[in-house]
Amino acid sequence: MSDHQLKAVAFPTLDEAQMAALGRCPLTTLKRYRDGEKLFEACERDFKFFVVKSGKVEIMDESGETPNTVTVHGPGEFTGDVAQLSGSPSLVSGVARGDCEVYEVSPDALRQILNNHPDLGDVILQAFIARRQLLREPANFTGLRVVGSRYSRDTLRIREFLAKNRIPFTWLDLEADPQVDQLLKRFGVSEAETP
């Protein structure tokens with residue numbers, strides 16, 4: 001699947017009928033957020049699912065040196081990824097850009113919607129999976145940073161553990177990555193203290 005096709009699956013827009021159904025759904029609550037208010041934060045567990053009715057919600061990766069915009073959701077678009085269903089903490093933060101109205105859905109209510117509305121559930125699940133795939137690309141997301149030598153068994157074990165548990169990470173090769181020296185200085189760690 002090309003990057004363009006993956007983004008189309010990852011960031012769909014719900015149609016008018018789906019939005020109207022969410023508005024009538026007893027599992028959703030219409031909430032208003034002011035510009036700059038956080039809807040959810042990175043590392044938050046049991047964070048809510050949001051569907052944008054009006055305004056915009058910026059999804060930000062705050063794990064790098066400077067915050068990075070992953071995407072901006074507009075009307076008919078929704079937040080979330082597979083962490084929503086697995087109980088894992090959020091990898092990103094969601095911030096209102098301009099005043100916005102969103103349908104807020106608790107994790108339990110989201111599971112009910114997915115189970116009881118298969119058409120909508122398919123769109124949401126496919127988007128969640130595609131979003132996680134996009135976050136695995138180093139250009140899109142920093143996440144955890146593993147600093148270590150390519151020759152180290154410990155570095156390999158850590159990378160394999162993270163990959164098997166589907167945790168997005170960035171590996172910085174001690175011998176080849178120009179960012180390593182600066183990062184180690186920032187954390188007060190020497191090369192000898194890395195795997």
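This is a predicted model: local features need pLDDT of at least 70, side-chain atom pairs count only at pLDDT 80 or more; totals for chains, interfaces and linings use all residues.
1. The lining of the largest cavity consists of three nonpolar, three polar and two charged residues. Those residues are Asp-46, Phe-47, Ala-83, Gln-84, Gly-87, Ser-88, Pro-107 and Arg-111.

2. A search of the whole structure turns up one cavity of 30 Å³ or more. Two helices each supply at least two residues of the lining: helix 3, covering 83–86, and helix 4.

3. The overall layout comes next. The protein contains seven helices and seven strands. Read from the N terminus, the order of elements is α-α-β-β-β-β-α-β-α-α-β-α-β-α. The C-alpha trace spans about 60 × 35 × 30 Å along its principal axes.

4. Helix 4 (residues 107–116) and helix 5 (residues 118–135) have axes that come within 6 Å and cross at roughly 120°. Angles of 65 to 115 degrees count as roughly perpendicular and those over 145 as roughly antiparallel, so helix 4 and helix 5 are oblique to each other. By class, the residues of this contact are eight nonpolar and two polar, with no charged residue.

5. Which residues make the contact between helix 4 and helix 5? From helix 4 come Leu-110, Ile-113, Leu-114 and Asn-116. Their partners in helix 5 are Pro-118, Leu-120, Gly-121, Ile-124, Leu-125 and Phe-128.

6. The contact of helix 1 with helix 5 involves six nonpolar, two polar and three charged residues.

7. On the helix 1 side of that contact are Asp-3, Leu-6, Lys-7, Val-9 and Ala-10. On the helix 5 side are Gln-126, Ala-127, Ala-130, Arg-131, Gln-133 and Leu-134. The charged residues counted in the contact of helix 1 with helix 5 number three, whereas the contact of helix 4 with helix 5 has no charged residues.

8. The largest pocket has a volume of about 330 Å³. It is lined by 20 residues, and those nearest its centre are Phe-11, Ile-59, Val-70, Thr-71 and Leu-135. The lining of the largest pocket divides into nine nonpolar, eight polar and three charged residues.

9. Which element gives the most to the lining of the largest pocket? Strand 4 does, with five residues. Strand 4 (68–73) and helix 5 each supply at least two residues of that lining.

Key: Residues are numbered from 1 along each chain as its sequence is written. Side-chain values use heavy atoms; hydrogens and water are left out. Axes are lines fitted to C-alpha atoms, for helices over the stretch in contact, and angles run from 0 to 180 degrees between N-to-C directions. Helices (H or I, at least four residues) and strands (E, at least two) are DSSP runs, numbered from the N terminus. Angles under 35 degrees count as roughly parallel, over 145 as roughly antiparallel, 65 to 115 as roughly perpendicular and the rest as oblique. Contact means heavy atoms within 4.5 Å. Ala, Val, Leu, Ile, Met, Phe, Trp, Tyr, Cys and Pro count as nonpolar, Asp, Glu, Lys and Arg as charged, and the others, Gly among them, as polar. On a 1 Å grid over the protein atoms alone, a cavity is a set of points where a 1.4 Å probe fits but cannot get out, and a pocket is an open set with protein on both sides within 12 Å along at least five of seven lines; lining residues have an atom within 4 Å of a point. Grid points are joined across faces, edges and corners, and a volume is the space filled by probe spheres set on the points.
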